[in-house]
Amino acid sequence: MTVDAIITADVLDVPSSPAQTVHRRRPPSWGLAYALLLPSLLGLAAFTYLPVLRVAIDSLYVTPHGAGGVTRFVGLENFARVLGDPAFRQAALNNLVYAAGTVAPSVVLALAFALAVRRSTRFNAVVRTILFFPSLVPLVAAASLFFFIFLPGVGLLDYYLAKLGVSGPNWIGNTDVALWSIVGLTVWKNAGYYMLFYIAGLQNVPRDHIEAATVDGANAVQRLWYVILPALRPTTAFVVTIALIHMLTAVDHVVVLTKGGPSNATNLLLFYIFQEAHENFDTGKAAAATVISVAALLVVSLGSLRGMEAGSRREA
Amino acid sequence: MRLDRHVGPALIAAAVATIAFVWATPFLWTLVAAFRPESAGSADMASLLPDFTPTLANFRLAFESGDFGLYYVNTIIVVVGVLGVQLVTISLAGYAFARLEFPGRDVLFYVFLVQLMLVPSALIVPNLRTTVDLGLYDTLAGVMAPYFASAFGTFLMRQTFRGIPRDFEEAAAIDGAPWWAIVWHVLLPMARPGLIAFAIVSVTAHWNEFLWPLMVINDPANHTLTIGLATFTKGAEGAKEWGVLAAGTLLVMAPLAIVFVAFQRRFVESFVFSGIKG
Amino acid sequence: MHVIRRLGAGALAAALVLASSAAWAQTKIEFFFPVPVEGKLAREMTRLVKQFNDSQKDVEVTAVYTGSYDETKLKAQAAAKAGKPPSVVLMSANFNVDLKLAGDILSLEPFLAAEGTTREKFLGDFWPALHANATVDGELYGVPFHNSTPLLYINTTHFKEAGLDPAKPPRTWAELVDAAKKLTKRDGEKIERHGFMMPGGYDYLGWLMSALSMSNGGRYFNESYGGEVYYDTPSMLGAARLVEDLVYKHKVMPSGVVEAGGVSTAFFAGKASMVLLSTGSLSFIRENMKTPYDVAFVPRNVRNAVPIGGASLVMFKGQSEASQQAGWKFVRWLSSTDVLGGWSRFTGYFAPRKSAYDTAEMKEFITRNPDAKVALDQLAYAQPWFATYQTVAVRKALEDEMQAVMNGKKKAEQAVKDAQRKADELLRPYIDQTALKLP
């Protein structure tokens, strides 16, 4: 059943399970299930659904900032303003670029790292630690470190590039490069984290499959492509989901390093929302932007979760 | 053939070592810079070579800038508090979705999943209002509350439970065990790797959290590590004390580093045996 | 562990309070403050607050460091919205109009009246240039705490190297460009040392553009009405073109945005010969600059004029009467002559009170540090800092455009036009309620 069908059925009060449950010995799990779900549902209601509702309502009103501001209903005007705001469009575009730049490379790197260090040697243990470390450092601290790394002239990157006789661009002050610097920081931070999941996933690839393939004359690349990667599909779906979540929700580095600048070159959706709400006090616009972003996020999440579902069902 | 066997792995090892070095460079610099005098800047401040007499002045200043011990305690409280409640909610909910039949199960599950993308930071404005309404503003509990229910964890537990063959539970049920005994004695022990994997995800996420605590907490007595670090890595009108920044970052990272190195093998093993393939 | 110690101390204190029959209630208030330059100032502020707390028993202040000026505003307003406003906030001096219009801050007139003094008398001890930003619609809303103006810092060694006389720093834009060209060291296509640098990050850039456009004869904003800014004007255009030319025509300034931290680091590292920074960084630079340097007025094109910067103490609405009294007490202490004088010597900001410069310590300090005197002398040319409806957003409208110019994405002419359009759009709601609200 598609989500639409389920929700439609629910809304129309069509019984989604056959009426026979009324006559059958009603499983005692019915009440139990809801009791078990209650704590979670309370939490979700308070901090997810209620806010979404509030945001949806807020998006239909405008409250001019100021003591005399009167809230008035404006319907979809906020949405029009958001979609017409070049900063929002830039932020949306940036998020797409950011997604492409962070999700795929982090995941691929994670897999590569995992493949390279999967055996438990002392050397590998050290390398694993080094690669995983960045995720233990709060993004705020990493961003400050990278502020130095990116510093023009005397910063780490420029200093060593100068020794090689190359001069780098203004890493976070140049509108063309800034977003990619943020991408670099993100990949550095997350690849090692995803690597951990791949290491585990690799251990679970059935040995016999690999051996069978070797016996059949497959070389390393073919083994990777035909045996290992398919076996890793659930892990990949999992890692991609986490990566997508990170991509959309982690903006600490923008807050600390660039504040969306220069000229919105590093503006991301969540940061845009944050700015509209807290700097421009345009709650209506912030709410509308949130609704739009949330809708987009839902589409993405449902898509990737279907992937995970499919993956796990296949190997069950 | 013989060449392939030796050169290949050697090349890979070299590549790996290079990448590891590049990855570690920010930390190497932090280590060196934390001990370097002349905190504000000099032409060679990016050098990774310790060509100076080390000083502890930066650490002293870092300590003075923030009560790191307190920040550590606060962060641990938040992380452990969140995880503790999460483990309960996700186990219960995961069990309900994995093993129980009830009307509206699939709908409810998708409803849960909606939360995956709606992190509190995204809904910061209304969540702040809710937190205030609940009287939790400027408290650590307020920082923790939005995370008590975890759709991600529920999903994970559901997967993990589903992956456990029903025979064990059925055997226990035949023996007359009630549902909670089954969960506690049969399912959870078998799901332990999944729980550990989730714990790692949760702890890492909340250890690193910045935006939400920043908005909720004012009182310095409630500051977490991220807020504490952020305050002294900023300055409005100008310069930075790089050495102090490096020292502070080191102070934050060191305990984590030690813990991770000590428990590294355990972490990896737990992932190995978990259902964390999917 | 601190927590346990704190809990223990707290429990003890609570017990003592309960046990004592005397009914004095200690009012606890929160004080939000940004730190302008670096961690040392935050530590000093915390020490000052402790000194205040120790000096009396009626009020206990919790000092909360809240980052940059913009972030402090953000936190304070968010806290107010959440129903727990801080009592006193050290707020950027130009946020008063914005905050008053938002209904966030208290008028300080009642407190003056209670003390039996008037605004004129109270402000009389403060430098005239600061009065405008301290009042809104004729009422006192903020008490200046520390102030600054932009200053040109020069590396005297580089000057001598380039054949320039360090005792004659550039006075006009023409001299500035000339000096910068001579000071820039090139190695083929690569620039080893830039003749001139200025910060391009948010808040700083707007302030410096204000300085440049004022030096070009302009006003930047309408001091009497928070609904008008003058971006698309010849004075601002000239300033924007200067910046553009410094990067692309004269090639003495790096392209792209460099934050203040990067600019000062470059100055220390000898990678920049002249930098435009705040007097607020004076102490920091004095302590950390290993090679000789000097300071000078911001070069003029049409006239000498600079905006003031710095911060004032404001009090947020929504607090109890007791909290307000406690807050005012703290404000008076923090803005007293001695405290202001000490803070000024420590930071490099100039003290907003004239009387602070009559003290023996200050006189001796100025003699020892002539650069502080230059900063003080420039006060004669100081103008109010721009303060409008939605100050931050309106400021960013210009900054985003200037950042695009510095990146070579836009020409100055287009940038100022776009900035004006954006700013007008932001000011629209306010204008509709005031100037364009016709019977």
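Here is the tour, starting with some ground rules.

This is a predicted model, in which local features need pLDDT of at least 70 and side-chain atom pairs count only at pLDDT 80 or more, while totals for chains, interfaces and linings use all residues. Residues are numbered from 1 along each chain as its sequence is written, and chains are lettered from A and ligands numbered from 1 in the order in which they are written. The model scores ipTM 0.77 and pTM 0.80.

**Stop 1: chain A.** Select chain A and you'll find 15 helices and 2 strands (helices are DSSP runs of H or I with at least four residues, strands are runs of E with at least two, and both are numbered from the N terminus). Of its 316 residues, 49% are buried, meaning that 20 or more other C-beta atoms lie within 10 Å of a residue's own; 12 or fewer makes it exposed, anything in between partly exposed, with C-beta atoms placed from the backbone.

**Stop 2: chain B.** Pick residues 167-174 of chain B, which are helix 8: 0 of its 8 residues are buried, so it lies largely in the open. Just after helix 8 of chain B, look for Gly176(B), with a positive phi of about 90°.

**Stop 3: chain C by confidence.** The mean for chain C is 87, and 93% of its residues reach 70 or more.

Stop 4: The contact takes 32 residues from domain 1 of chain C and 30 from domain 2 of chain C, where two residues are in contact if their C-beta atoms, placed from the backbone, lie within 7 Å. Which helix gives the largest share of the domain 1 side? Helix 17 of chain C does, with 5 residues.

**Stop 5: a sheet.** Still in chain C, find the open, mixed sheet of 5 strands, in the order 8-9-10-7-11. Strands pair if DSSP finds at least two bridges between them. Strand 7 (residues 150-155) and strand 10 (residues 272-278) of chain C run antiparallel over 5 bridges; show Tyr153(C) and its bridge partner Val275(C).

How values were computed: pLDDT is the predictor's confidence in each residue, from 0 to 100.
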